[in-house]
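Me: I would like to go through a protein model by question and answer. Please show the sequence and structure, then take the questions in turn.

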Amino acid sequence: MLYIVKRLRCITLDITGTLIAYKGDLGDSYCLAVQAVGRPCPSYKRVDEGFKVAYAELAKKHPCFGFADNIPNYVWWKICVRDSFVKAGYEYDDETFENIYSRIYATFGSAAPYRIFPDAIPFLRWLRKRDVTVGLVSNAEYRYRDIILPALGLNQGSEWDFGVFSGLEGVEKPDPRIFEIALKKAGNVAPEEALHIGDSLRKDYLAARGVGMHALLLDRFKTADAVNGRKSGAIVLPDLTATKDWLTSEKLVSCP
């Protein structure tokens, strides 16, 4: 009898959508910040749509939160937030915008807009008790590591061993180099001895498989990615409780 988990030396996980999630829409926090300075609440939908476009454009121009161009994190997000409002049809004078932005930046640098899935901490601790090295691989900036995760109870040393954050490494998923960095940080673990768990078919599952790691697609929100993943033969599970059951299954001869 050899459980799947016994064949693995390292398991890496995505963060947002896998371990934590936003409590509400991004527009909620933006609206509260605008109202706090005495301005009427903007349209949630328009701000959400504006943010998606602004973020995608800035991430393409200055990826990894401006890592290669040495753009300070505060400045990168300031450009993104201002452009989000502009694309949504809202423009503010410099003083008003600074007051709005400082509130938004502080909010998203805290645990306030996030919630942790109830199965996250038990799962991570279960892995570490079984001598599996646990890593986090995320397209996120330094505040996840230093502020947000600890505030949510996800601490390095008790829930996870190492992290690879795009804003600190200068490389992001689905670039295979981010997984190669993870394997090195895990102690030069061979790809076939590692499993990655995430909620994106392209950025997590296919990217990890591309470097020779095993991979598992998590589907907490019934996404199109999961449908496509199942069609392509990926193992898709609803949560980390089901993942634990799968990892202790005797039925599979080898990881997919």
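Me: Which residues are linked by ring pairs into a cluster?
Reply: The model is predicted, so local features need pLDDT of at least 70 and side-chain atom pairs count only at pLDDT 80 or more, while totals for chains, interfaces and linings use all residues. Residues are numbered from 1 along each chain as its sequence is written, and side-chain values use heavy atoms, with hydrogens and water left out. Rings of Phe, Tyr and Trp (its six-membered ring) pair if their centres lie within 6.5 Å; planes under 30 degrees apart count as stacked, over 60 as edge-to-face and the rest as tilted. Pairs of this kind link into a cluster Y22, Y30, F51, Y55, F65, W76, W77, F85, Y92, F108, Y114 and Y144.

Me: How many aromatic pairs does this rule give?
Reply: The ring-centre cut-off of 6.5 Å decides what is counted. The count of aromatic pairs is 21.

Me: What kind of aromatic pair do F65 and W77 form?
Reply: Their ring centres are 5.7 Å apart. The angle between the planes is 35°, which makes the pair tilted.

Me: Why does the pair of F65 and W77 tie together separate parts, and how many residues apart in sequence are they?
Reply: Helices (H or I, at least four residues) and strands (E, at least two) are DSSP runs, numbered from the N terminus. F65 belongs to helix α3 (residues 63–66) and W77 to helix α4 (residues 73–87), so the pair joins parts whose separation in sequence is 12 residues.

Me: Is W77 buried or exposed?
Reply: Buried means under 20% relative accessible area, exposed over 50%, and partly exposed in between (1.4 Å probe, protein chains only). F65 has 8% and is buried. W77 has a relative accessibility of 14%, so W77 counts as buried.

Me: What class of pair do W160 and F165 make?
Reply: W160 is buried at 1% relative accessible area, and F165 is buried at 2%. Their ring centres are 6.3 Å apart and the planes meet at 70°, so the pair is edge-to-face.

Me: Where does the charged end of R82 sit?
Reply: A charge sits over a ring if NZ of Lys or CZ of Arg is within 6 Å of the ring centre and within 35 degrees of the ring normal. The charged end of R82 is 4.1 Å from the centre of the ring it sits over, that of F97.

Me: R220 lies over the face of which residue?
Reply: The distance from R220 to the ring centre is 3.8 Å. The ring is that of F117.

Me: Which residues does T243 touch, not counting those up to four places away in sequence?
Reply: T243 lies in helix α12 (residues 240–247) and is buried, with a relative accessible area of 0%. Contact means heavy atoms within 4.5 Å. With residues up to four places away in sequence left out, T243 touches F123, I197, L216, L218 and L237.

Me: Which residues does the cis peptide bond join?
Reply: Most peptide bonds are trans. Here omega is about 10°, and P174 lies in the loop between α8 (166–169) and α9 (176–185). The cis bond joins K173 and P174.

Me: What is the phi of K222?
Reply: Most residues other than glycine have a negative phi. K222 is in the loop between β7 (214–218) and α11 (224–231) and is exposed at 68% relative accessible area. K222 is not a glycine, yet its phi is positive, at about 55°.
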